[in-house]
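Reader: Please take me through one part of this model at close range. I would like a nonpolar surface patch and the strands around it.

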Amino acid sequence: MDMYEKVIELARRRGFIWPAFELYGGSAGFYDYGPLGAPLKRGIEDLWRGFFVIREGFCEIECPTIGVEEIFKASGHLSGFSDPLTECQECREIYRADHLIKHIVEVPDALANEEIYRVIKENDVFCPECGGDLSEIYEFNLMFRTSIGPGGKQPGYLRPETAQGMFVNFQRLLRHYRDRLPFGAVQIGKSYRNEISPRQGVIRLREFTQAEAEIFINPADKSHPRFGEVADLVLTLYSQEAQERGEAEEMTVSEAVAKGIIAHEILGYYVARTYQFLLEAGLSEDKLRFRQHKADEMAHYAADCWDAEALLDRFGWIEIVGVADRTNYDLRSHMAQSQANLTVYLPLDLPRREERLVVRPDMKRLGPLFRKGAKAVADALSALPMEELKRDPIVVVVDGERVEVDPDLVAFEMEEVEVRGEEVVPHVIEPSFGIDRILYSVLEHSYREEEVEGETRAVLALKNRVVPIQVAVLPLMDRDELSGPAEEIARELRALDLRVEYDSSGSIGRRYRRNDEVGTPYSITIDYETLEEGTVTIRDRDSMAQIRVARSEIAEKIPALLRGERGFSEAGTPLGG
RNA sequence: GCGCCGAUAGUGUAGUGGUCAUCACUAGGCGUUGCCAACGCCUAAACCCGGGUUCGAAUCCCGGUCGGCGCACCA
């Protein structure tokens with residue numbers, strides 16, 4: 001039994017992760033988060049919010065999961081996210097049609113499907129496996145398609161990433177940040193990809209949760225004011241060069257940026273924050289590395305891209321986060337698609353003076369003369385160069401028609417203007433997190449088994465920040481005189497917004513082990529000394545050590561222990577055995 | 001999508017063309033028990049779905065679904 005099997009079996013049995021729709025036979029690529037999985041996932045998301053919303057001063061938004069066609073035309077998902085496939089008529093094997101004609105056509109991407117099919121027919125391309133005839137080309141798009149409203153006329157697509165929500169709201173976000181760079185916006189939510197064959201449990205899903213930040217920066221300034229906070233952090237880096245050698249290297253963030261291994265400070269800063277976040281979520285330091293995209297792997301517009309990878313027992317190194325410098329590609333695409341102006345006006349340090357032609361059409365007279373066409377004529381005049389304006393009559397073309405304008409109707413002159421700034425399309429730094437993969441990695445990296453008195457103890461050493469059950473309340477035995485006060489303590493702790501598990505069934509040892517297995521960090525046991533002396537014991541999951549604490553102090557000490565403000569052994573009187 | 005293999009209580013499993021299917025763990029109940037999966041008694045709980053062959057199918061055959069592995073795919 002490998003780790004994956006053990007962890008997935010535990011996750012299923014104890015209610016972390018369930019295959020979805022199991023009642024009806026299930027559907028590949030969909031999973032439910034159960035009673036323990038949902039709070040664990042929320043814990044990871046909340047930890048992420050602490051890092052990428054609160055401490056960065058970014059804002060969180062929430063956009064529809066269904067998008068209109070224009071968005072995905074601009075993002076490239078409509079064309080680039082689908083593959084032209086062809087099927088062998090004999091052996092039913094499926095191929096990427098464009099891959100089959102690579103040796104014939106230099107850029108198969110540029111061809112329409114009919115053209116690819118023609119190339120295949122004209123050049124006698126057959127099935128590489130059995131030599132059979134190939135079918136016509138059909139598209140497989142990884143986006144789920146639906147239709148908006150009745151009649152099915154307006155196509156809609158389930159978003160394949162959350163990022164587009166931040167891009168299409170760029171203007172409003174910029175205004176929210178009072179027209180200043182840099183700023184960031186994030187979104188945590190579901191994305192959908194109709195994978196051809198989803199496998200490996202929650203590693204590849206058809207519906208999954210992403211946490212993405214889009215950080216809009218001045219292209220001319222890729223330094224980061226808080227770089228110093230992370231400069232000395234040592235990371236395991238697997239750079240393009242290191243991949244050639246086949247060996248990752250340890251390095252501080254500042255060294256990596258100084259040597260040009262990581263492109264610039266901002267990217268280095270977010271790689272470092274990603275590392276800190278993943279450690280706090282519960283990944284193992286020695287099973288975590290950052291791998292740089294190779295040149296051919298990186299999107300053509302990207303300046304640099306680093307994936308955080310987690311080492312999993314069965315699957316090897318798996319991508320769980322991508323941190324990319326996407327330059328201004330996304331905003332430029334949306335500018336082209338929407339015709340909107342997605343730029344920022346950046347003031348210059350020193351204003352500069354420029355000569356500029358200013359045209360002033362005399363609207364008082366143009367109006368009565370051209371009536372409805374007056375505006376179009378004025379616009380045409382304003383667009384003319386100096387030489388054209390000097391003619392008599394001035395000639396403009398409006399709606400394909402030649403219009404003559406008397407020179408008296410328009411004034412123009414060269415003016416000296418002061419330029420105080422310029423319009424810039426910001427660059428985007430995008431840390432993109434796969435929450436489901438992180439959650440699974442957290443489970444696997446937290447899982448351990450140890451021998452205790454000849455028995456195997458399974459422990460999920462989850463971090464307090466993300467753990468689903470924060471404290472268990474256990475009467476030593478299920479007797480009224482013990483369970484009464486125990487229930488009362490459970491109520492008190494719940495009143496403090498803690499997630500409490502009350503359990504009185506079976507022996508005390510069994511209940512400890514049950515809680516170890518789901519990661520409950522602390523167990524409070526109510527015994528006869530509770531009745532006589534007003535104390536309880538608190539047991540630590542990892543060490544199995546116990547301390548005795550006054551009942552009246554529980555409400556103060558448990559939250560302090562959970563926040564890590566207090567060491568366990570100092571929180572009370574140690575108990576022998 | 002293709003190929004190979006598999007699918008039996010919550011979990012892990014045994015088994016067979018012929019009585020409402022084995023065992024362990026787990027879970028629930030009662031008793032016992034003064035702190036690490038203790039013990040006794042009791043209880044609940046399964047043959048993936050559809051079709052076919054057959055007097056009879058959970059078992060054989062076909063199709064589907066799901067899972068594992070390999071190939072392909074993985075913005």
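Author: Ile 66, Val 68 and Ile 148 make a nonpolar surface patch of about 200 Å². Patch residues have over 30% relative accessible area and no salt bridge; like charges are joined within 9 Å, nonpolar side chains (Val, Leu, Ile, Met, Phe, Trp, Tyr) within 5 Å. A salt bridge puts a side-chain nitrogen of Lys or Arg within 4 Å of a carboxyl oxygen of Asp or Glu. Areas are Shrake-Rupley values with a 1.4 Å probe, and for residues only the protein chains shown count as cover.

Val 68 counts as partly exposed because its relative accessibility is 31%; buried is under 20%, exposed over 50%, partly exposed in between. Val 68 lies in strand E4, residues 66–68. Strands (E, at least two residues) are DSSP runs, numbered from the N terminus.

E4 belongs to an open sheet of three strands, ordered E4-E9-E8, with antiparallel pairing. E4 and strand E8 (145–148) are at the edges with a single partner strand each, so one side of each has no neighbour in the sheet. On average, neighbouring strands here are turned by 45° against each other, direction ignored; axes are lines fitted to C-alpha atoms.

E4 pairs with strand E9 (residues 154–158) over three antiparallel bridges. Pairing needs at least two DSSP bridges. Val 68 has Gly 156 of E9 as its bridge partner.

The model is predicted: local features need pLDDT of at least 70, side-chain atom pairs 80 or more, while totals for chains, interfaces and linings use all residues. Residues are numbered from 1 along each chain, chains are lettered from A and ligands numbered from 1 as written, and side-chain values use heavy atoms, without hydrogens and water. Chain A averages a pLDDT of 90, on a confidence scale from 0 to 100.

How values were computed: Helices (H or I, at least four residues) and strands (E, at least two) are DSSP runs, numbered from the N terminus. Buried means under 20% relative accessible area, exposed over 50%, partly exposed in between (1.4 Å probe, protein chains only). pLDDT is the predictor's confidence in each residue, from 0 to 100. Axes are lines fitted to C-alpha atoms, for helices over the stretch in contact, and angles run from 0 to 180 degrees between N-to-C directions.
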